[in-house]
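Hi,

Here is the structure I promised to pass on. Please have a look at it first, and then read my notes below.

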Amino acid sequence: MTTNYGSILTISIPWPEKALWINRRAGHNYHLSTAAKDAQMTATSIAVIEAMRDQYDAAGILRPDLERRSLEMVVTTHKINKAPFDLDNLLGALKYAQDGICSMLRVNDAQIDKVTVIRGSVDKRNPHVVIEIGARLAQ
């Protein structure tokens, strides 16, 4: 997180399925299956619920109020190998995860003003992506 943002959520999700990578071969577009979208959304929603369990008050209202705050998303990749990949395709493959996170936070993904992608270490046993969401600190 940059200095103007405070971290509110960090989750780890599995490396995106191949079906979620839009331009995965020689520039040809592939249609995403509904099952792939649903699986990614479900996994993300579960991860967010687990990560945020103690951030809800007794009435089920999320703390802090994020509806009008600028958000930052930091994505750190932990691939199975060092093979190169397109960052724009990664962000496209994470669209459904981002939608699930924003839905659980009760915010519009248009509030994400800054996205940073970091190529992290190789993880041959558990390729994954760590997504951190931060909110702009009050001035």
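For the protein the mean pLDDT is 77, with 71% of residues at 70 or more. Where pLDDT is low, the predicted coordinates should not be read in detail.

Two conventions before we go on. Residues are numbered from 1 along each chain as its sequence is written, and side-chain values use heavy atoms, with hydrogens and water left out. As the model is predicted, local features need pLDDT of at least 70 and side-chain atom pairs count only at pLDDT 80 or more, while totals for chains, interfaces and linings use all residues.

Now the fold. The protein has three helices and four strands, in the order β-α-β-α-α-β-β from the N terminus on. The four strands form an open sheet with the order S1-S4-S2-S3 and mixed pairing; two strands count as paired if DSSP finds at least two bridges between them. S1 and S3 (112–119) stand at the edges with a single partner strand each, so one side of each is left without a neighbour in the sheet. On average, neighbouring strands of this sheet are turned by 15° against each other, direction ignored.

The pairings are as follows:
- S1 (residues 5–14) runs antiparallel to S4, joined by nine bridges; Ser 7 has Gly 134 in S4 as its bridge partner.
- S2 and S4 are also antiparallel, over eight bridges, and Leu 71 is partnered by Ala 135 in S4.
- S2 and S3 pair in the parallel sense over seven bridges, with Ile 118 in S3 as the bridge partner of Thr 76.

Helix H3 packs on this sheet and touches S1, S2, S3 and S4, its direction making about 40° with that of S4. Contact means heavy atoms within 4.5 Å; axes are lines fitted to C-alpha atoms, for helices over the stretch in contact, and angles run from 0 to 180 degrees between N-to-C directions.

H3 (residues 95–105) is mostly covered, with eight of its eleven residues buried; among them are Tyr 96, Ile 101 and Leu 105. Buried means under 20% relative accessible area, exposed over 50% and partly exposed in between (1.4 Å probe, protein chains only). The structure's one salt bridge joins the side chains of Asp 99 and Lys 95 at 2.6 Å, N to O; the term covers a side-chain nitrogen of Lys or Arg within 4 Å of a carboxyl oxygen of Asp or Glu. Both residues lie in H3, four residues apart, about one turn of the helix. Asp 99 is buried, whereas Lys 95 is partly exposed at 37% relative accessible area. Arg 106, which follows H3, has a positive phi near 60°.

Strand S4 (residues 128–136) is mostly covered too, with seven of nine residues buried. Thr 77, in S2, counts as buried at 2% relative accessibility. Beyond four places in sequence, Thr 77 touches residues including Trp 15, Phe 85, Leu 90 and His 128. Ser 121, 44 residues away along the chain, has its C-alpha atom 7.4 Å from that of Thr 77.

Best wishes

Conventions: pLDDT = per-residue confidence, 0-100. Helix = DSSP H or I, 4+ residues; strand = E, 2+ residues; numbered from the N terminus.
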